[in-house]
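Please examine the sequence and the structure shown here before reading the report.

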Amino acid sequence: MPNIPWELSYLVYLLAAVLFIFCLKMLCHPRTAVRGNLTGAVGMLLAILATLPLALKEGTGKPIGSTLGILLAGLIIGGGIGATLALRVRMTAMPQMVALLNGFGGGASVLVAGAELLQRNLKALATPWDVALATVLSGVIGAVTFFGSLVAFAKLEEYRWFRKPIRYPAQQPINALLGLIVVGLGVASFMNPTNGWLYLGLVAVCSILGLTLVNPIGGADMPVVIAVLNSYSGLAAAATGFVIDNAVLIISGALVGASGVILSQLMCQAMNRSLINVIFGVFTAEEDQAKADEIYAGRVKSTTAEEVAMLLDSARRVVFVPGYGMAVAQAQHAVSQLAALLESRGVEVEFAIHPVAGRMPGHMNVLLAEAEVPYEKLKEMDEINPTFSQTDVAVVIGANDVVNPLARTDPNSPIAGMPILDVDKARTVVVIKRSLSPGFAGIPNPLFAADNTLMYFADGKKAILDIVQAMKEGA
C-alpha cells in the first residue's frame, strides 16, 4: 500500500472545518437543516479519515493496514451505535439523546487526554506547559460534562430518584468546597504532569461536582442545562485538541462551545433569567395544594370532543400551542391532521412556539416538522403574542408553565417575569391535558380556571383524533 503524504491531512482538516461552519449555518433554518446535518456528517467522516496519515507519521511501528484497520473498526463500531440510536430512539426522547451525546463527548475528552498523558509518562517524554494545562482542562470540563449529562438524562427520563431535585444541607457550600478541591488538584496536576494519580483524583472530584451541580436544577430548566452541557462538551473537545495537537478537534470544539454559549444565553433571555441564576438558583417549587384548590375549586369547566368541534367549526382563526404533553402523547401527527382539516374549511391556522417549550431548544419545532407542518405556520412567541386577542380559539396541547399567567401577575412565583404565550387573551381557550397536575415549576395554573377556558381531560393524541372525528361527523 503506498504511503500517504501526511501534509494532506491538514488540507482535509481545513475542508472539514469549512463543512462544519456551513453545517451550523444551514442548521439555522428548517429548509436547509437536513442538508446541513449531512454536511456536518461528511465533514466529520473526512476528519476521521484524515487522521490516518498523521498516525503513520507518528511512527507507531504498526503497518498501514493495521492502523487503517483500527481506524475503520472505531468508525464502524461508533457509527453503528450512533445509527442504531438515531433509528430506534423516538422523537419524544430526543432531549435525552442529546444529553447522552453531550456526556459521551465529555467522557471521550477525559479518556483521550488521560491516554495521551499516560503515553507521555510511559515514554518519559517532557510535557510542555500548554499541553499540561490543556490536559487539566480536558479532565475538569469533560468529567463535569459526563456526569452532569447523566443526571440530566435521568431527570428527563423521570427516573424515580431524579423526578425531583435531591435536597441536602449545605448544598451550595459543598459545591464550593468541591470547587476549591478541583482548583487545588488542577494546579498540582499542572505543576506535576508526570503524576497520573493527580489526574485521576482530579477527574474523580470533578465527576462528583458534575453530579452535585446538575442535581438541584429543576426540570423546567433542562432546556438551558442541555445547552450549557453542550457548550461544555465542545470546550472539553477543544482542550483535548490542544493535548493531542489536532487542529480539527480544536476548531470543531470551539464551534460547539461557542454555539452552546449563544444558545444558552438565548434560552435564558426567553426565561428572563441569568445563566448564573439557572445554574445556582435552583428553579423549583413544590406544588402548593391549598393554593391549587383555591384557584381551581368550582371554576374549572370541562368539555367534550363534540363541543370543541362545534367551536372550531365556527372559528375563523385557530392557534395551536404545543407543549411537552403533546410530545409524550406523540400527538403531533394528529395535530397536523386537525390543522389540515381546519384549513380545508377556510380556517386560518398557526402554531405558537415558546422558546423553552418541551425539554430541549427547538423540541416543538422538531416534532411538528416530523409531522410535516409547514415551517411558515410556526410562529415564535414575540410574533404570535400580539395576535392572540384576534384569535377565536387557542388550543393548548400539553403546555403548562409557558402559558401560566402567574408569570405576569405574581412577583413571588418561581416563574415571575418569564415571558409566556398570552393564550389567555384569546376569545376561547381549549386546554387538552390529562389532569390539573402542575408543570415542571410545580405551581397551579390560573389559566385552567379562567372564564374563557375549557378543559378537555384526555390523552393528547386521542383527544385530537376524537375532535377530528367529531368534526367530520358534524360536517
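## Basis of the model

This is a predicted model, in which local features need pLDDT of at least 70, side-chain atom pairs count only at pLDDT 80 or more, and totals for chains, interfaces and linings use all residues. Residues are numbered from 1 along each chain as its sequence is written, and side-chain values use heavy atoms, with hydrogens and water left out.

## Helix H7

Helices (H or I, at least four residues) and strands (E, at least two) are DSSP runs, numbered from the N terminus.

Buried denotes under 20% relative accessible area, exposed over 50%, and partly exposed in between (1.4 Å probe, protein chains only). The buried residues of H7 are Gln171, Asn175, Leu178, Val182, Gly186 and Ser189. They cover an arc of only 80° around the axis, which puts them on the same side of H7; the arc is that of the directions from the helix axis to the C-beta atoms. These buried residues pack against helix H6 (129-157) and helix H8 (196-214), with contact meaning heavy atoms within 4.5 Å. On the other side of H7, Pro173, Leu177, Leu180, Val183 and Met191 are exposed.

## Ala113 in helix H5

Ala113 belongs to helix H5 (residues 94-122) and counts as buried at 0% relative accessibility. Ala113 and Thr240 are 127 residues apart in sequence, yet their C-alpha atoms are 5.9 Å apart.

## Loop residues with positive phi

Ala124, in the loop between H5 and H6, has a phi near 55° and is exposed at 67% relative accessibility.
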